[in-house]
Amino acid sequence: MESVITRFSRVTDCSSIKKLQTQRDLQSKILKFQILQKEVIVAKLKKEMIGVLKFEFLWTYQPLITHVFIDERYRRLGIGTKLVQYLEKYLIKKGYQYVFTSSYEDIKDPHKWYEIQEFKPCGVVDKINLPDSTSKEIFFYKRLS
Ligand SMILES: CC(C)(COP(=O)(O)OP(=O)(O)OC[C@H]1O[C@@H](n2cnc3c(N)ncnc32)[C@H](O)[C@@H]1OP(=O)(O)O)[C@@H](O)C(=O)NCCC(=O)NCCS
């Protein structure tokens, strides 16, 4: 969708991000901190918040996408892809060579989507989702070019 704008989030986006995303229990002060750290990218259609991507840095240097969520009404329109591409462009500019992500091993849809984004599986971690879930976590990586 041509008219969708992707950009780093601003603190003023906080409430619309919280309305949109599944992490509803996320505290506003944590979200604000992530925004100020430049670790939240949003997709907007006119004034409407329709997608969010969050990332952080493992061990302070390895970029890890932690959350991608697109409003159900706007899925399969390339918006998730656009958010990932925006992040990749930024990371390349900053000199990073790899980006990582992860997802529950037993939920297959995100795996397919990450594989379409050219991420490759690179390992499974057991017990990392305890105590909320017994699911293993599968990790993916992508070489940036
Ligand atoms: C997964 C998600 C982020 C994808 O975003 P999206 O904007 O709908 O995806 P895109 O339009 O960029 O998809 C590009 C291609 O990936 C594939 N794809 C997209 N969603 C898929 C799904 N649920 N299952 C399998 N393949 C999928 C399709 O081939 C699609 O191209 P096509 O529509 O031309 O066939 C979105 O469905 C979502 O928010 N899901 C709920 C949260 C989630 O699972 N997040 C990911 C893990 S944190």
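**Ligand shell and sheet of a predicted model**

Visitor: Which elements each supply at least two residues of the shell around the ligand?
Guide: In this predicted model, three elements do so: strand S4 (62–70), helix H3 (79–93) and helix H4 (108–116).

Visitor: Where does the largest share come from?
Guide: Helix H4 provides the largest share of the shell, with five residues.

Visitor: And how many residues surround the ligand, and which are the closest?
Guide: The ligand is surrounded by 17 residues. Those closest to the ligand are Arg75, Arg76, Gly80, Thr81 and Pro110.

Visitor: How do the residues of the shell divide into nonpolar, polar and charged?
Guide: Eight of the shell residues are nonpolar, five are polar and four are charged.

Visitor: Changing topic to the sheet: what is the order of its strands?
Guide: The sheet is open and has seven strands, ordered S1-S2-S3-S4-S5-S7-S6, with mixed pairing.

Visitor: Which strands stand at the edges?
Guide: Strand S1 (4–8) and strand S6 (120–125) hold those positions. Each has a single partner strand, so one side of each lacks a neighbour in the sheet.

Visitor: By how many degrees are neighbouring strands turned against each other?
Guide: The average for this sheet is 25 degrees, with direction ignored.

Visitor: Back to S4. How many bridges join S4 to S5?
Guide: Two bridges link S4 with strand S5 (residues 98–104), and the two strands run parallel. The chain passes from S4 through H3 to S5, giving a right-handed β-α-β crossover.

Visitor: Which residue is the bridge partner of Leu64?
Guide: Leu64 has Phe100 of S5 as its bridge partner.

Visitor: S5 and S7 next: in which sense do they pair, parallel or antiparallel?
Guide: S5 pairs with strand S7 (residues 137–143) in the antiparallel sense, over seven bridges. Within S7, Ile138 is the residue that Ser103 stands opposite.

Visitor: What about the helices? Which strands does H3 lie across?
Guide: H3 lies across S1, strand S2 (40–45), strand S3 (48–58), S4 and S5. H3 runs at about 40 degrees to S3.

Visitor: And which strands does H4 touch?
Guide: H4 packs on the sheet and touches S5 and S7. The direction of H4 makes about 160 degrees with that of S5. H4 is also the helix that supplies five residues to the ligand shell.

How values were computed
Residues are numbered from 1 along each chain as its sequence is written. This is a predicted model: local features need pLDDT of at least 70, side-chain atom pairs count only at pLDDT 80 or more; totals for chains, interfaces and linings use all residues. A residue is near a molecule or strand if its C-beta atom, placed from the backbone, lies within 6 Å of it. Helices (H or I, at least four residues) and strands (E, at least two) are DSSP runs, numbered from the N terminus. Ala, Val, Leu, Ile, Met, Phe, Trp, Tyr, Cys and Pro count as nonpolar, Asp, Glu, Lys and Arg as charged, and the others, Gly among them, as polar. Two strands pair if DSSP finds at least two bridges between them. A crossover is right-handed if, with the strands pointing away from the viewer, the path from the first strand over the helix to the second runs clockwise. Axes are lines fitted to C-alpha atoms, for helices over the stretch in contact, and angles run from 0 to 180 degrees between N-to-C directions. Two residues are in contact if their C-beta atoms, placed from the backbone, lie within 7 Å.
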